[in-house]
Amino acid sequence: MMGNCYLIVIDGLGVGAQEDAADYGDEGENTLGHLCEATGCKLPNMQRMGLGNIVPLTSVPMIEDPICAYGKMQERSAGKDSTTGHWELAGIQLGRPFPTYPEGFPKEVINSFCGGIGKEKVLVNKPYSGTQVINDYGEEHLDTTYPIVYTSADSVFQVAAHVDVTPVDELYDWCEFARNQVLTEDHGVGRVIARPFKGEAGSFERISEKRHDFSISPPDYNLLGRLKEEGINTYSIGKVVDLFAEEYFTQFRRTKHNAEGISQLLSLMSAVSDSFVFVNLIDTDQMYGHRQDPSGYAECLQEIDRAIPAIISKLEEDDLLIITSDHGNDPTSNSTDHSREYVPVLLFPGSKAAQVNLGTRQTFSDVACTVASYFGIPAEFSGKSMLEKA
């Protein structure tokens, strides 16, 4: 009996700019530090785990004898998006970032997409806020039926369509065509995202639970693939399965919001054995970081914090829990984009770690090495297990 390993990613929870942050326009960003200063956010359970021992936080002080091993991790891959971050956690390191399109997609990409879906043109084709773009172009979309195509600072090709004009399944077909036939090779963006919306002019609303991400396929050699090869069951909760192109998982459970993700995790913890469970809690990033809402972000973190005792109570003696993130997304920043930051790492129980203070890890892939070490499987990832002495 090995026990279960649970990896929880609190999306967009950075703990300070990396040394190369200026290369990404993110110098001075500090998601958690600035959030605590702006809101006075109290996180008593994560404080007990050692969150305040990682970096100075005004409202989450450091403590003696935390129950977790604690540290922070540096992203080695080029980029700062969700796919890159989650892939590096799974042992995949990218030498060059996925392509981005700050001026919009080139004519050949748009023409190929339009030809494949039978539309004369698209609307927008430039970086845009997802909520603002449907407010600004939703009415024209209803009048013309042309899809709304937009991007962001991330490597994404996003397609928004009103459900009264384009049924959700048809939108999915469009995005799958874009993923497989258009956004390939030099234009191989990290994700193609279907963004259905509803409502009337002046009150359009995204249907978040019907969003669907079509990720580029990851390299075959990764933590999830190795676990499956060794017969270890792998479970996804939240958007993780989408970031890995729906590959490698024994079972996946998509979620509408964090409360559902936490509920699904607690339910699964009572049902699995000798398994790896990979969880993404997205609301911090999607609902509050991108929308520059510090108070909402703080309340969301507090919701997660309140769930910590229930999660810990479900752990068996041999189980391992890792809590971390995939990038930053500072809600106090002038930018609505992800930020190039260190991410926290908490490992419970702390007694399983090589040392209580894990220091600054040189790559997110230390998580992949840790999980492989926990399950006793050989894996050649660039990194070092946190269960081993330095």
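Start by selecting helix α9 (residues 258-269) together with α11; the two pack at an angle of about 5°, with their axes 11 Å apart. (Axes are lines fitted to C-alpha atoms, for helices over the stretch in contact, with angles from 0 to 180 degrees between N-to-C directions; helices are DSSP runs of H or I with at least four residues, strands are E runs of at least two, and both are numbered from the N terminus.) That makes α9 roughly parallel to α11, a label for angles under 35 degrees, while 65 to 115 counts as roughly perpendicular.

Before going on, a word on what you're looking at: this is a predicted model, where local features need pLDDT of at least 70 and side-chain atom pairs count only at 80 or more, while totals for chains, interfaces and linings use all residues. Residues are numbered from 1 along each chain as its sequence is written, and side-chain values use heavy atoms, leaving out hydrogens and water.

From α9, pick Asn258, Ala259, Ile262, Leu265, Leu266 and Met269; from α11, pick Cys300, Glu303, Ile304, Ala307, Ala310, Ile311 and Lys314. By class, that's 10 nonpolar, one polar and two charged residues.

Next, center on Leu301. Beyond its neighbours within four places in sequence, Leu301 is in contact with residues including Ile10, Leu13, Leu43 and Met46. Then widen the view to the largest nonpolar core, which has 44 residues; Leu301 is among those with the most contacts inside it, as are Met49, Val277 and Leu321. (A nonpolar core is a set of buried Ala, Val, Leu, Ile, Met, Phe, Trp, Tyr and Cys residues joined through side-chain atoms within 4.5 Å; buried means under 20% relative accessible area with a 1.4 Å probe, protein chains only.) Helix α11 (residues 294-314) gives the largest share of this core, eight residues. A second, separate core of 41 residues includes Val9, Leu224, Leu347 and Tyr374.

Last stop: Ser275, in strand β11 (residues 275-281). Is Ser275 buried or exposed? Buried, with a relative accessible area of 1%. Its side chain reaches the backbone oxygen of Ser273 at 2.8 Å.

Notes. Buried < 20%, exposed > 50% of the residue type's maximum accessible area, 1.4 Å probe, protein only. Contact = heavy atoms within 4.5 Å. Parallel < 35°, antiparallel > 145°, perpendicular 65-115°, else oblique. Nonpolar A, V, L, I, M, F, W, Y, C, P; charged D, E, K, R; others polar. Polar contact = N/O pair within 3.5 Å; in protein donor to acceptor, adjacent residues only side chain to side chain.
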